[in-house]
Amino acid sequence: FKKDVAWVLSFLGESIGAGQPELFVEFVSWLRNFLSSLHVPITDVAESFQLIKKRLGESITPVEYEVVSNLLDMGVKVLLAPDERISLPAAGNNLSSFADRYLAHLLKGERNQAFEMVLKEVQGGMPVKEVYLQVFQPVQYEIGRLWQSNRITVAQEHLCTAATQLLMSRLYPFMFTGERNNRKMVATCVPGELHEMGARMVADFFEMEGWDTYYLGANMPIDGVVRYLVETKPLFLAISATMTFHISQVEEMIKKIRAESLIPANLKIMVGGYPFNIAVNLWKELGADGYAPGASEALQVAGKLLTS
């Protein structure tokens, strides 16, 4: 219970700190769906929110309490609302027959069969970009929905994700076939962020467009990113954060990058990830130059930023 409360507080704090109440509301919607699938009484969850509000009221100022109280009350309304909201990534997700068969193999643990069907299509001429957008991306959304509704375990979710990441690496020989444009970009996740597939997909899309890409991976220390930017001096940086409670890390990373005099002032910084899909103006508040909801859009954003 203590861990659950700490989790709620982390989302609450980041949402208030960013001035984006919709982030907390969306988290509560997700929480409701997830806990309902585990048969946890939602009235108990709503009561825990009231207890959190009462305890915070004893330790913060009246002005702070008003902000916290209003947001927790909004959360209670979402928890007790008669209509069930579906979390954003899963909404409207329709898998093609090909993607559905790929997912079925993954869920059965048939990794080799999943790999074979995709590699066969790519060898036959299917563009890798299409595989990313029409297979990998919707399948990952569907895996998240299945986990949220308690239809698969967290172990299955991790296994499916790891399999897709391995397959992405096997597709590399089919990516690096175009002309290079002598542009460099870096893609990274913030400290603590372990969901790295989105950032990796972005880096791969840039690579397929002739960029020299440097993908730093998950859970990257801020100072390490700053030093690497000093060494490589790229034109473009993509920062990924999937969890709302990592927003402050995005802001800190951007501030430290901007403050480093050895990093070219014309470096363009783009952010992406689930929180930015919910709060559309969040990227501006954090000091980024742009935002993209996906890998394909990231290329368009980069083009506009570098010509502006």
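Trp 7 counts as partly exposed in this predicted model, because its relative accessibility is 27%, a value between the 20% and 50% cut-offs.

**Aromatic pairs**

- The structure holds 19 aromatic pairs.
- One of them joins Trp 7 and Phe 27 edge-to-face, at 5.5 Å centre to centre and with 90° between the planes.
- Trp 7 belongs to helix H1 (residues 2-18) and Phe 27 to helix H2 (residues 21-37), so this pair ties together parts that are 20 residues apart in sequence.
- The pair of Trp 30 and Phe 34 is stacked, because the ring centres are 5.2 Å apart and the planes lie at 10°.
- Both Trp 30 and Phe 34 lie in helix H2, four residues apart, which is about one turn of the helix.
- An α-helix has 3.6 residues a turn, so residues three or four places apart point the same way.
- Trp 30 and Phe 34 are both buried.
- A cluster linked by ring pairs contains Trp 7, Phe 11, Phe 24, Phe 27, Trp 30, Phe 34, Phe 49, Trp 147 and Phe 245.

**Nonpolar cores**

- The largest nonpolar core comprises 47 residues, and those with the most contacts inside it are Tyr 102, Tyr 132, Phe 136, Leu 171, Met 185 and Phe 206.
- Elements that each supply at least two residues of this core include helix H5 (97-107), helix H8 (154-170), strand E1 (184-189) and helix H14 (295-307).
- Helix H7 gives the most to this core, with eight residues.
- Apart from this core lies another, of 30 residues, among them Val 186, Val 225, Leu 237 and Ala 241.
- Beyond its neighbours within four places in sequence, Met 185 is in contact with residues including Val 202, Phe 206, Trp 211, Tyr 214, Pro 234 and Ala 238.

**Helix H8**

- The 17 residues of H8 should span 24 Å at 1.5 Å a residue, and the end C-alpha atoms are 25 Å apart, which agrees.
- Its buried residues are Glu 157, Cys 160, Thr 161, Ala 163, Thr 164, Gln 165, Leu 167 and Met 168.
- The cover over these buried residues includes H5, H6, H7 and H9.

- Glu 179 is located in the loop between H8 and E1.
- Glu 179 counts as exposed, because its relative accessibility is 74%.
- Glu 179 and Gly 125 are separated by 54 residues in sequence and by 19 Å in space, C-alpha to C-alpha.

Conventions. Residues numbered from 1 in each chain as written. Predicted model: local features only at pLDDT ≥ 70, side-chain atom pairs only at ≥ 80, totals over all residues. Heavy atoms only, no water. Core = buried A, V, L, I, M, F, W, Y, C linked by side-chain atoms within 4.5 Å. Buried < 20%, exposed > 50% of the residue type's maximum accessible area, 1.4 Å probe, protein only. Contact = heavy atoms within 4.5 Å. Expected span 1.5 Å × (residues − 1). Phe/Tyr/Trp six-rings, centres within 6.5 Å; stacked < 30°, edge-to-face > 60°.
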